[in-house]
Amino acid sequence: MSEAQLIQGNEACARGALAAGCNFYGGYPITPSSEIAEHMVRMLPDAGGVFVQMEDEIASLAAVIGASLAGSKAMTATSGPGFSLMQEHIGFAVMAEVPCVVVNVMRGGPSTGLPTSPSQGDVMQARWGTHGDHPAIVLAPSSVGEVFDLTVRAFNLAERFRTPVILLYDEVIGHTRESVQLPEKVEIVDRVRPDGDAADFLPKAADATGVPPLPAFGDGYRFHVTGLSHDERGFPTDDGHVAGALLDRIHTKVSDYEDEITAAETFMLDDAEVALFAYGIVGRSAREAVLRSRDAGIKAGLIRPTTLWPFPSQQVAAAAAQVDKVIVAEMNLGQMIGEVERATAGQAEVVGHMRADGEPITPSELVGVVSAGGGGGH
Amino acid sequence: MTRSEIRIAGAGGQGVVTAGRILAEAAILSGSNATHNQVYGPQSRGGASRSDVVIAGDEIGFPLADEIDLLIALSSEAFEKYRPEIVDGGRVIVDSRCAPEADDDNTSDFAVVDTARAVSGGQLVTGVVALGVLQAYAGLVDADALGEAVAARVPAKHRAMNLEALRAGRELVSGAIP
């Protein structure tokens with residue numbers, strides 16, 4: 001471990017990316033994510049990587065996809081307006097199976113909204129923003145230290161599953177500075193590359209893992225990349241069986257490993273009668289609110305997912321089985337609460353506490369919500 | 001030490017964000033844990049700006065001020081907006097030149113703005129003068145650690161001026177009539 005340093009969330013993201021082996025950044029700075037680009041442009045060239053400021057967010061993710069296909073570990077970072085522009089290419093990266101990391105530091109929306117204020121209004125966009133059926137891996141850190149750890153994890157998951165991974169956090173997490181000790185060394189996963197005869201190479205043929213090996217352009221393997229439905233050779237097809245099998249594989253290569261991907265922290269749930277469900281900065285508020293509610297004699301607990309997608313349904317169901325009520329607190333008008341209701345499946349009452357005015361949900365606010373029995377919002 | 005929540009609030013251009021960051025760095029140098037958060041509008045100057053600093057002996061849960069122990073208000077707007085968030089027994093440092101209506105019992109008045117102007121000819125070191133006041137008035141961090149944090153954070157060419165601003169802020173407290 002390094003010495004304790006006061007580091008901003010966005011800086012931790014940049015450092016996590018470098019630790020994970022990121023060597024390409026293509027981006028277009030936007031508040032409240034700009035510090036990620038600032039740190040990358042300072043650090044990446046010295047680490048032997050390439051930083052390119054693109055003309056917009058569409059081009060940014062295009063550059064990232066190209067760099068990844070050329071063998072780089074590549075990322076971009078943005079906020080809501082830019083994330084909207086990136087949706088087309090997120091779908092392309094899913095279909096072409098291109099590992100990459102997209103960071104969205106959420107600010108108030110819709111449109112340009114509240115540029116310098118926090119929000120959690122993009123959690124459903126992160127799941128369903130690009131068209132068509134597609135898997136999504138979306139990670140949600142709650143602290144500066146966790147931003148570092150989950151940035152590393154985002155790269156590792158992207159490489160392992162050959163898919164875009166989204167790191168999603170709010171402005172407060174991005175701009176807060178905390179005293180952290182960063183690890184000197186992290187576990188790194190690299191994509192599997194082909195080692196067979198180049199003449200027989202089928203770029204979209206997968207083994208039992210469902211993930212085809214990915215050569216870099218220049219390795220000597222020829223391959224075609226397309227967003228159209230394609231066969232194992234990588235060429236477009238309108239054969240329904242082939243297209244259906246591709247879509248199925250793209251889903252199951254993630255869903256088969258959901259248990260390894262999903263993660264949620266639980267806190268004081270064992271004897272809890274009411275559980276708070278919260279993520280990002282609200283997860284921090286909720287943890288404080290649990291402690292203060294217990295001081296006031298209310299048996300409260302917390303479930304805090306660090307993967308929003310795939311949704312940690314089993315963990316939520318297990319928590320719901322123990323409590324009478326689940327209070328979902330989020331900085332939007334009610335997005336993840338639908339998933340919580342689905343996972344809870346009637347085992348506990350589910351109520352929401354929503355806030356979307358650009359201010360974070362505070363511990364005091366949640367203590368009031370818990371003591372009042374939940375519900376409401378601004 | 002128990003958790004202390006400090007909010008430094010004023011207008012963009014007063015160095016409020018930098019001051020908060022320096023305070024958090026000084027807290028870490030003093031052996032405490034600390035967090036810092038900045039809130040500002042889309043403008044680079046003139047809009048409302050604030051820094052929250054939380055200092056504690058152990059792990060910090062919520063990293064923002066929720067129940068403010070010490071508010072440094074460098075504008076009327078900041079005083080009015082954040083007065084309701086001050087915890088019972090909390091204190092306020094103001095400059096009555098910026099917030100003339102701030103005369104609650106828990107409020108102490110220091111000539112932060114004029115002092116900053118005297119040191120720098122402008123308002124840029126206002127936040128650092130306020131840190132000098134804060135340290136002399138409330139402790140919270142070691143005086144030497146605060147000096148070290150100021151010296152490390154500000155550009156080299158402005159280091160002497162900022163250290164002078166810190167000293168002048170401290171003297172506002174030591175010279176104040178009780």
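In this predicted model, A:Lys325 touches A:Glu273, A:Val274, A:Ala275, A:Ala348, A:Glu349, A:Val351 and A:Gly373, when residues up to four places away in sequence are not counted. A:Lys325 lies in strand 14 of chain A, which covers residues 325–330, and it counts as buried because its relative accessibility is 19%, where the cut-off for buried is under 20%. The points below turn to another strand residue, then to the nonpolar cores, and finally to the aromatic rings.

**A residue in strand 15**
- A:His353 belongs to strand 15 of chain A, residues 349–354, and is buried, with a relative accessible area of 4%.
- Although A:His353 and A:Gly334 are 19 residues apart along the chain, their C-alpha atoms are separated by 8.1 Å.

- In soluble globular proteins, nonpolar side chains tend to be buried together.
- The largest nonpolar core here has 60 residues, and the members that touch the most others are A:Ile36, A:Met40, A:Met75, A:Val103, A:Tyr169 and A:Leu276.
- Helix 6 of chain A, residues 144–161, gives the most to this core, with ten residues, and the core draws at least three residues from each of domain 1 (5–180) and domain 2 (263–371) of chain A.
- Leaving aside neighbours within four places in sequence, A:Ile36 is in contact with several residues, among them A:Met75, A:Val103 and A:Tyr169.
- A second, separate core of 52 residues includes A:Leu269, A:Val316, A:Val328 and A:Ala348.

**Aromatic pairs**
- Over all chains, a search of the whole structure finds eight aromatic pairs.
- One is the tilted pair of A:Phe161 and A:Tyr257, with 5.8 Å from centre to centre and 45° between the planes.
- This pair links distant parts of the chain, since A:Phe161 is in helix 6 and A:Tyr257 is in the loop between helix 8 (240–255) and helix 9 (258–261) of chain A, 96 residues apart; A:Phe161 is buried, with a relative accessible area of 1%.
- In chain B, the rings of B:Phe110 and B:Tyr137 have planes at 75° and centres 5.9 Å apart, so this pair is edge-to-face.
- B:Phe110 is buried, with a relative accessible area of 6%, whereas B:Tyr137, at 22% relative accessibility, counts as partly exposed.

**A ring cluster and a charge over rings**
- A:Phe277, A:Tyr279, A:Trp309 and A:Phe311 are linked into a cluster by ring pairs.
- The charged end of A:Arg127 sits over the ring of A:Trp309, 5.9 Å from its centre, and A:Arg127 also lies over the face of A:Trp128, at 3.8 Å from the ring centre.

Terms used:
Residues are numbered from 1 along each chain as its sequence is written. Chains are lettered from A and ligands numbered from 1 in the order in which they are written. This is a predicted model: local features need pLDDT of at least 70, side-chain atom pairs count only at pLDDT 80 or more; totals for chains, interfaces and linings use all residues. Side-chain values use heavy atoms; hydrogens and water are left out. A nonpolar core is a set of buried Ala, Val, Leu, Ile, Met, Phe, Trp, Tyr and Cys residues joined through side-chain atoms within 4.5 Å. Buried means under 20% relative accessible area, exposed over 50%, partly exposed in between (1.4 Å probe, protein chains only). Helices (H or I, at least four residues) and strands (E, at least two) are DSSP runs, numbered from the N terminus. Domain bounds come from an automatic or database domain assignment. Contact means heavy atoms within 4.5 Å. Rings of Phe, Tyr and Trp (its six-membered ring) pair if their centres lie within 6.5 Å; planes under 30 degrees apart count as stacked, over 60 as edge-to-face and the rest as tilted. A charge sits over a ring if NZ of Lys or CZ of Arg is within 6 Å of the ring centre and within 35 degrees of the ring normal.
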